[in-house]
Amino acid sequence: MNMNKTRRGAMGFVAAGASAVLMGMSGWAVAADFPARQIELIVPFQPGGGTDGVARAFGEAARKHIPQSVVVINKPGASGAIGWTDMINARPDGYKLAVVTVELVTLKPMGLAKFSYDDVQPIIQFNADPAAITVRADAPWNTIEEFLAASKKDPGKMGVGNAGNGSIWHFAATALGDKTGIQFNHIPFQGAGPAVLALMGGHVDAVAVSPAEVAQQLQAGKLKMLTVMADQRVKNFDKVPTLKEKGIDLSIGTWRGIAGPKKLPTDVLNYLKAAAKKTVDEPAFQEVLAKQNLGFVYADDQGFRNQMMKDATYFADLIKLLDMKN
């Protein structure tokens, strides 16, 4: 028997085994070392809107579950496309994430972006909210019927602010116009916050944004909400009728969650999923959602992807119906 050959074979087996162990340990080490520095959470809209508010609440609540800071960075423009493009093109290492909204699935079929939901890795969904039509408190319309009647008298004159061309709030107002045969003057802004400020300043007649994004001004008596585009009345806004109650079959809204670039390492994705779930379950985060009148809806990465797929089909059909493609 050739003892040298036997030794070489045994040594090769040991080396191979050690290599396998090291490979396993290296995967574990990535998870153990992550995160080694702060994580950027991009908000692709201006400060002051619902998306910005919930992102900051998440970053604060994450302190208990992520050893490094989650820093919110606003990169507004192009209805979210600028911020999301930055995240999509980032190195897939988990250090650059973004808050994503339903516009992620609407921009490409509208011809406003080259990316789609297939270009991101969903991590968690934590919110869903309907659209609402809101006007100034001193506006002459006290019901949605009065607002629509006034809009019908002067086609294209009623200025309705939204969060940007191709934004969900642009869809909401356009769909309302289609359902009622009314032509609005759609005025885009770089987020819901600037649109609401424009309404307060008298630069637009109404806004189509979520209840959360006008809640503070409603409580101060500066604005009044005429309707919500939901299947049921919204918690904390139960005096506001739905469009369906008024005989207009339209329910439309947004969702929010967190995503990263495609091809995140499995161990990093699992870490982020677990930490994000613990974060959104934090009482402090839940309190901020409740205070800002943001609806809590949880879905994990696969559930969130399924929601994206469903809405991508829905809005692609709606874009064709409303002829909204650029």
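Which residues line the second largest cavity? In this predicted model, with residues numbered from 1 along each chain as its sequence is written, local features need pLDDT of at least 70 and side-chain atom pairs count only at pLDDT 80 or more, while totals for chains, interfaces and linings use all residues. Side-chain values use heavy atoms, with hydrogens and water left out.

The second largest cavity is lined by Ile39, Leu41, Phe58, Ile66, Val70, Leu97, Ile123, Ile124, Ile258, Leu272 and Ala276. A cavity is a set of points, on a 1 Å grid over the protein atoms alone, where a 1.4 Å probe fits but cannot get out, whereas a pocket is an open set with protein on both sides within 12 Å along at least five of seven lines; residues with an atom within 4 Å of a point count as lining. The volume of this second cavity is about 80 Å³, a volume being the space filled by probe spheres set on the points, which are joined across faces, edges and corners. Its lining has eleven nonpolar, no polar and no charged residues; here Ala, Val, Leu, Ile, Met, Phe, Trp, Tyr, Cys and Pro count as nonpolar, Asp, Glu, Lys and Arg as charged, and the others, Gly among them, as polar. At least two lining residues come from each of β1 (39–43), β4 and α8 (266–280), where helices (H or I, at least four residues) and strands (E, at least two) are DSSP runs numbered from the N terminus.

The structure holds two cavities of 30 Å³ or more. In the largest cavity there is about 110 Å³ of space, and Phe45, Thr51, Ala163, Trp169 and Glu213 are the closest to its centre among the 15 residues that line it. That lining comprises five nonpolar, seven polar and three charged residues, with α2, α5 (168–180) and β9 each supplying at least two.

By class, the lining of the largest pocket has 15 nonpolar, ten polar and five charged residues. The second largest pocket holds about 360 Å³ of space and is lined by 20 residues, with Gly48, Gly49, Ala212, Glu213 and Gln216 nearest its centre. Seven nonpolar, ten polar and three charged residues make up the lining of this second pocket.

How do the helices pack? The axes of α2 and α9 come within 9 Å and cross at roughly 165 degrees; axes are lines fitted to C-alpha atoms, for helices over the stretch in contact, and angles run from 0 to 180 degrees between N-to-C directions. Helices α2 and α9 are therefore roughly antiparallel to each other, since angles under 35 degrees count as roughly parallel, over 145 as roughly antiparallel, 65 to 115 as roughly perpendicular and the rest as oblique. In contact (heavy atoms within 4.5 Å), Val54, Ala57, Phe58 and Ala61 in α2 meet Phe285, Val288 and Leu289 in α9. The residues of this α2 and α9 contact are seven nonpolar, no polar and no charged.

Helices α5 and α10 pack with their axes 11 Å apart, at an angle of about 50 degrees, and are therefore oblique to each other.
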